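I opened my notebook to look up a few things in this structure. Here are my entries, in the order I made them.

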Amino acid sequence: MRIFVDADGCPVVEETVRLARRYRVDCVLLCDTAHQLERAGAETVTVSQGADSVDFALVNRVTAGDLVVTQDYGLAAMCLARGARVLHQDGLEYTDENIGGLLAARQQAGRLRRGRFRIRGPKRRKPAQDAAFVAALEAILKETRSGKEKR
């Protein structure tokens with residue numbers, strides 16, 4: 001198992017790298033040239049800027065059994081299709097059961113925005129969100145270590 005992080009604007013990079021190190025799991029941060037990141041204990045892959053360039057680079061690297069950290073529902077769906085587990089930065093694990101509803105909600109929100117409706121952005125990030133992410137990631141890593149991986 002490797003952990004891939006859609007690192008452009010991801011608020012849980014430090015937590016992910018720290019837990020990957022603790023559980024001795026390879027961690028790969030993917031970002032574009034506008035968000036170059038370097039973290040001790042993680043490999044960084046920097047791709048050229050462009051719409052979805054990081055997403056496609058990540059999907060091309062991920063394999064069944066890997067774990068992906070992203071807030072992008074479209075990327076999550078592509079990674080699920082490749083057999084990866086996918087975790088949102090708030091601790092929600094994307095699954096085949098919930099991704100369809102999430103994608104539909106995203107599409108509806110896009111329609112409303114194009115219709116000039118104002119949709120509020122996300123609220124300010126709270127420490128509880130970081131704690132939920134860390135708990136979810138650690139549970140997955142423990143599960144994988146014990147050989148009781150879900151699927």
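Is Asp66 buried or exposed? I found that Asp66 counts as buried, at 3% relative accessibility. My cut-offs are these: buried means under 20% relative accessible area, exposed means over 50%, and partly exposed is in between, with a 1.4 Å probe and protein chains only.

Before going on, I noted that this is a predicted model, where local features need pLDDT of at least 70, side-chain atom pairs count only at pLDDT 80 or more, and totals for chains, interfaces and linings use all residues. Residues are numbered from 1 along each chain as its sequence is written, and side-chain values use heavy atoms, with hydrogens and water left out.

**Entry: salt bridges**

I looked up the salt bridges (a side-chain nitrogen of Lys or Arg within 4 Å of a carboxyl oxygen of Asp or Glu). By this rule the count is 7. Asp66 takes part in one of them with Arg2, and their closest N and O atoms are 3.0 Å apart. This pair links distant parts of the chain, 64 residues apart: Arg2 sits in strand S1, and Asp66 in the loop between helix H2 (53-61) and strand S4 (67-69). I wrote down that helices (H or I, at least four residues) and strands (E, at least two) are DSSP runs, numbered from the N terminus. Arg2 is partly exposed, with a relative accessible area of 28%.

Next I checked Glu138, which forms a salt bridge with Arg22, the closest N and O atoms being 2.8 Å apart. Here 116 residues separate the partners, with Glu138 in helix H5 (residues 127-146) and Arg22 in helix H1 (residues 13-22). Glu138 is buried at 18% relative accessible area, while Arg22 is partly exposed at 41%.

I then found Arg125 and Asp90 meeting in a salt bridge of 2.6 Å, N to O. Arg125 lies in the loop between helix H4 (99-114) and H5, and Asp90 in the loop between strand S5 (85-87) and strand S6 (93-94), so the pair ties together parts 35 residues apart in sequence. I also noted a network: Arg85, Glu93 and Glu143 are joined by salt bridges that share partners.

**Entry: Asp6**

Asp6 is in strand S1 (residues 2-6). Asp6 is buried, with a relative accessible area of 12%. Its side chain makes a polar contact of 2.9 Å with the side chain of Thr70. A polar contact is a pair of N or O atoms within 3.5 Å; within protein, one must be able to donate a hydrogen and the other to accept it, and residues adjacent in sequence count only if both atoms are side-chain atoms. Leaving aside neighbours within four places in sequence, the residues in contact (heavy atoms within 4.5 Å) with Asp6 include Leu30, Val54, Leu58 and Leu75.

**Entry: helix H1**

Which residues of H1 are buried? I listed Val13, Glu15, Thr16, Val17, Leu19 and Ala20. They pack against S1, strand S2 (26-32), S4 and H5. After H1 comes Arg24, with a positive phi near 55°.

**Entry: cysteines**

How many disulfides does the structure hold? I found 0 disulfides, a disulfide being a pair of cysteine sulfur atoms within 2.5 Å. The sulfur of Cys10 is 9.6 Å from the closest cysteine sulfur, in Cys27, which is too far for a bond. Cys10 is buried at 13% relative accessible area, and Cys27 counts as buried at 4%.
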